[in-house]
Amino acid sequence: MSRQIIVGNWKMNGTRQDTQVLVEALVNGLPASAPDVVICPPFTQLALVQPALASSPICLGAQDCHKDVSGAHTGDISAPMLSELGVSYVILGHSERRQEHGELDETVREKAVAATKAGLTPIICIGETEDQRESGEHEDVLGWQIKGSLPDGFAGIVAYEPIWAIGTGLAATTDQIAQTMAFLRAELVRQFGEAGKAIKILYGGSVNAGNAVSVLSIPEVAGALVGGASLKADAFLSIVSAASAA
Ligand SMILES: O=C[C@H](O)COP(=O)(O)O
């Protein structure tokens, strides 16, 4: 299997002091045989974190970007602005933005095009609700999200995050993850042909130091998108080490 990638999504957390302490611990504690590691602080911390990563293989990511390069979009940040800050990955279509901001698949797709043009690697999030999982609609929902959110020629990363597992401490079971990953791989090949085989698929949703080894050992799981556990250096480094061993 190609190198795994562990992405830490800090969400709306972190004072400057917290950030300095966390980043120093991650840089100093990163194992020698680490997988690819990306940390995604809030926008306000990007300029602070970037220099701290200068001598580290840890990459800088952002939690969203606008589809336009500039314009009358109050409160938004463009992909070129992120690129200027040394950002190389960007999370798009996270369920917390789809739900809180009514973000549509089409918007996510347009953002992915803009991010790629700016030299960023898009990490596009998809996931079903608890009701959709319980009613057996989840594969239909995920198929539509893949078809609607990923642009032609997509060469970024997909993160499968069942909404009902985010922030709950209850990750999907290894069987649920394995079945869904196999489905997503088939959908990616259906949409992109051979290129669909190379698109990395991450799992996100209550990944922690206790379940990381089992989750990251599942076929087709190319890494993890980690929320809460990414805010604690020891927990996040345990997940990174688990990826090294997977
Ligand atoms: O982006 C990260 C996902 O929302 C997972 O968050 P979590 O690890 O706190 O469940």
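## A closed barrel and its ligand

Helix H10 (residues 233-245) lies across strands E1 (5-9), E2 (36-40) and E8 (223-226), running at about 160° to E1. This is a predicted model, in which local features need pLDDT of at least 70 and side-chain atom pairs count only at pLDDT 80 or more, while totals for chains, interfaces and linings use all residues. Residues are numbered from 1 along each chain as its sequence is written, and side-chain values use heavy atoms, leaving out hydrogens and water.

**Reading the terms**
- Helices (H or I, at least four residues) and strands (E, at least two) are DSSP runs numbered from the N terminus.
- Angles, from 0 to 180 degrees, are taken between the N-to-C directions of axes fitted to C-alpha atoms, for helices over the stretch in contact, where contact means heavy atoms within 4.5 Å.

**The barrel**
- Eight strands form a closed barrel in the order E1-E2-E3-E4-E5-E6-E7-E8, with parallel pairing (two strands pair if DSSP finds at least two bridges between them).
- From one strand to the next, the twist averages 25°.
- Strands E4 (residues 89-92) and E5 (residues 121-126) run parallel and are joined by 4 bridges.
- Opposite Val-90 stands Pro-122 in E5.

**The ligand**
- Around the ligand are 13 residues, the closest being Lys-11, His-94, Glu-161, Gly-167 and Ser-206 (a heavy atom within 4 Å counts as near).
- A ligand oxygen atom is 2.8 Å from an N or O atom in the side chain of Lys-11 (polar contacts are pairs of N or O atoms within 3.5 Å).
- The protein covers 95% of the 300 Å² of accessible area that the ligand has on its own (Shrake-Rupley method, 1.4 Å probe).

Definitions and conventions:
Polar contact = N/O pair within 3.5 Å; in protein donor to acceptor, adjacent residues only side chain to side chain.
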